[in-house]
Amino acid sequence: MAIDSKELKIDVVDIAFILKGRWKVIVVFALIFSVLGFRKVSRAPILYSAQATLMIRSSGFDESKNLENMATLLEIAKSKTITQRVVQKYGLHISPGALAGGISIHPVRGTEFIKLSYTGTEPALTAAVANEVASEFIKRVEEILNRSNLKILEPAEVPRFPRGVNKIRIISMYLAVGLGIGIFLAVALELFNRRLRRSEEMEKLLGTEVIGVVPDLKKFYPKGSVKRDIFFDNDSLKEVRESIRLIRTNINFIDMKKNKVILFSSSIPKEGKTTIASNYALSEAIAGKKVIILDCDVKRPRLDKSYGVESRHGMADLLKGEISLKEVIKKDVRKNLDVIMGGKSEENTTELFLNYKMEDTIEELRKEYDLVVIDTPPLAVGTDGAIISKFADGVVFIISYDQVHKAELEFSKKILETAKSRLYGLVINKVSNEGYAYGEYGYYSYNYSYYKNYYESGEGKDEKSNNYNGAIGIIDSLLSRVGFRRGSKKS
């Protein structure tokens, strides 16, 4: 997938989110290279260094060219002619090249002295090699440079202690390399992630605005600790309710007409569409409206599990004419909230929804209820949602954070355009506190964390209205970061 560099605006905060989301990759590489560093240190041979001091008499030695002279002398000391002679003389089991790697020469600053050293594994042999290299070096300089101004001032002595190894430095270097590779891979994985995480890109692809954000409860609550289907049935989810109330508020500002029919849809399964639709319907019922929600996802009906209500009959039976509308409605599942369940799972559903009874049913319910909410199948797995959307006033589209690919959303958009559906807006669901969003909604999880802590601290428990207004203010400040204002459009 080609990435448009103009669209990628990454700052320090974005990098921090990347590192937080991909910390496991970074830690793994840091550990691997740290182990390699420890291994290198533990396997490193014990080395000894012996040093001979040579003197250059002033005649013929140009101090202004000290560095060039040293480079020349070092090459002579490491030359194969010298190293070969030393290897043969002492019967060393190393190559001339390996011997040359242990030789070094450097001047004593401000003097006419030169330090010639050799590093080896045996103390006595190391000193002998250093002295032999120094002697051969003087001879070779006289042969090549025609100089006789070098002499050994102090021969190398047998070292008594091994050369110190900077273990911390070696391990730190390996650790730094591991961290560098880990960070590079973390950033690369994020940049080439084809799943949608940018709110701006979602809005652009669908041609509508974000009207709400819902956190990923699995990231904030231990598995099994709360029932996640209906937020309003669980006191532990007080803070999550505000995200649903914000969606409710924004929809009412977008379309202020009464007796609305609102359809909830998504691209692919398991984006949380049914959960958000059922909670939205309940929030309107709690606000005093007479609400009914229809489970039109008859291939995989789920409203019965969401509300904990069993029903033998549902939408399929109604559209087949096997049961009347009054008989199929489950009354007062919650106060002011009725439900028509999906019923038995059906495979061939398109023909059912193309039936004139579907439109007649919706129009009849519109007259009786203040709000009709319809839960439909994902658009990528069937056309049922698009067919039913023709009878709705607006569509609320659910996008699961870091789950949907661009091609899937584009496909859904084309289906909705073909059906000439009106989009109220999109809701980003399952926003995590571990990822990178390329946009302002990536920071929602942190606002949510503060808000969650606000409830848990017990502050303001006796001031319910302040709780509500405070929560709306927090979430509204988030939406204002992307230029959204309730009741207005982006310019």
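This is a predicted model: local features need pLDDT of at least 70, side-chain atom pairs count only at pLDDT 80 or more; totals for chains, interfaces and linings use all residues.
1. Pro45 sits in the loop between α2 and β1 (48–56). Helices (H or I, at least four residues) and strands (E, at least two) are DSSP runs, numbered from the N terminus. Pro45 counts as partly exposed because its relative accessibility is 48%; buried means under 20% relative accessible area, exposed over 50%, and partly exposed in between (1.4 Å probe, protein chains only).

2. Residues are numbered from 1 along each chain as its sequence is written, and side-chain values use heavy atoms, with hydrogens and water left out.

3. Helix α6 (residues 123–145) has 23 residues. From first C-alpha to last it reaches 32 Å, close to the 33 Å expected at 1.5 Å a residue; the expected span is 1.5 Å times one less than the number of residues. Its buried residues include Thr126, Val129, Glu132, Phe137 and Val141. Just after α6, Asn146 has a positive phi of about 60 degrees.

4. The structure has 18 salt bridges, each being a side-chain nitrogen of Lys or Arg within 4 Å of a carboxyl oxygen of Asp or Glu. One of them joins Asp229 to Arg302, with the closest N and O atoms 3.5 Å apart. This pair links distant parts of the chain, 73 residues apart: Asp229 is in the loop between α9 and α10 (238–254), and Arg302 is in the loop between β7 (291–295) and α12 (303–307).

5. Arg334 and Asp233 also form a salt bridge, at 2.4 Å between the closest N and O atoms. Here Arg334 is in strand β8 (residues 330–334) and Asp233 in the loop between α9 and α10, 101 residues apart. Asp233 is partly exposed, because its relative accessibility is 44%.

6. A further salt bridge, between Glu417 and Lys413, has an N to O distance of 3.6 Å. Both residues lie in helix α18 (residues 406–418), four residues apart, about one turn of the helix. An α-helix has 3.6 residues a turn, so residues three or four places apart point the same way. Glu417 is partly exposed, at 47% relative accessible area, whereas Lys413 is buried, at 18%.
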